[in-house]
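The following paragraphs lead the reader through one protein structure. Please keep the sequence and the model in view while reading.

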Amino acid sequence: MQQSPLKEKRFSNSGHDGRKGKEKFQTQRVERAKAQAIVPMNEKQKEYLRALEEQVPVIIATGYAGTSKTYIPTRFACNEYLSDRVYKIVFSRPAISNSKSLGYFAGDKNEKMEIWLAPVLNVVKETLTSEATSIAIKHEDILFYPLEIIKGLSLGSTKGGKHLYYIVDEAEDLSIEEIKKIITRIGKNCTLVLAGDVTQSELSERSGLRWLINHINKYNLKKFTHIDFNNVNDIVRSDVVREFIVSLEREAKDAKKG
């Protein structure tokens, strides 16, 4: 059954009616979050959700396209925001390859990043509704950070234990320096999600994400977890995507034989 859009409102804290209205509104938000809770489609997704629920400080999700590496943390964080357990969600994407064109878009920083992060923003609007998303952006509950301004920031929450999620899409194109810069910004009550496919990195062996995976394995870092969607059966977007990726792998193997 299709749900009617949840209207975002602001209520006064003064008076019985204001408190009652605010409580009713928050109840509606929680009910919406419960109704659209993520149901994992395979064991890897179940592991991914467990890491998010346990608020692991750094979660790395790698693997094939169409495995929900970015969709799951975005949807999860938005549902937590509806349930008033998250006070801020931050999104970034590395400035590599075609990203140079970002500067040619009209508008301010947020408007440019909204264009660049359109696939992620679509998930946010689907979860919160378009109206609620606009209000959340206006009140800076949802932020879009270009990586060049991340230095000097402290990403964390001191608001009554509420959590902050920092989600970086296409993280395979982060440099080693950018990876170090991002991780050293993590404060209390913060989860950083780095989602990407290292096989598609424009940086190849210089990919910061590839370096980080090797680093945490070498030094057995306990506050980090890595979920690798490395099986074609992990692809859930569509049969078309799965079939095409299988054909690409066969082509690569044929090229090696040749």
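**Helix contacts and nonpolar cores**

In this predicted model, Ile176, Ile179, Lys180 and Ile183 of helix α7 are in contact (heavy atoms within 4.5 Å) with Gly208, Leu209, Trp211 and Leu212 of helix α8. By class, the residues of this contact comprise 6 nonpolar, 1 polar and 1 charged; here Ala, Val, Leu, Ile, Met, Phe, Trp, Tyr, Cys and Pro count as nonpolar, Asp, Glu, Lys and Arg as charged, and the others, Gly among them, as polar.

Residues are numbered from 1 along each chain as its sequence is written. Local features need pLDDT of at least 70 and side-chain atom pairs count only at pLDDT 80 or more, whereas totals for chains, interfaces and linings use all residues, and side-chain values use heavy atoms, with hydrogens and water left out.

The protein contains 9 helices and 6 strands, which are DSSP runs numbered from the N terminus (helices H or I, at least four residues; strands E, at least two).

Two packed helices are described by the angle between their axes and the distance between the axes. Axes are lines fitted to C-alpha atoms, for helices over the stretch in contact, and angles run from 0 to 180 degrees between N-to-C directions. Helix α7 (residues 176–183) and helix α8 (residues 208–219) cross at roughly 65 degrees, and their axes come within 7 Å.

A further pair is formed by helix α5 (residues 118–128) and helix α6 (residues 130–138), whose axes lie 6 Å apart at an angle of about 115 degrees. The two helices are therefore roughly perpendicular, a term that covers angles of 65 to 115 degrees. Leu121, Val124, Lys125 and Leu128 of α5 make the contact with Ser130, Ala132, Thr133 and Ile137 of α6. These residues divide into 5 nonpolar, 2 polar and 1 charged.

In soluble globular proteins, nonpolar side chains tend to be buried together. A nonpolar core is a set of buried Ala, Val, Leu, Ile, Met, Phe, Trp, Tyr and Cys residues joined through side-chain atoms within 4.5 Å. The largest such core has 32 residues, and Tyr48, Leu52, Ile89, Phe91 and Ile142 have the most contacts inside it. Helix α3 (residues 71–82) supplies the largest share of this core, 6 residues. A second, separate core has 25 residues, including Val90 and Leu174.

Note on methods. Parallel < 35°, antiparallel > 145°, perpendicular 65-115°, else oblique. Buried < 20%, exposed > 50% of the residue type's maximum accessible area, 1.4 Å probe, protein only.
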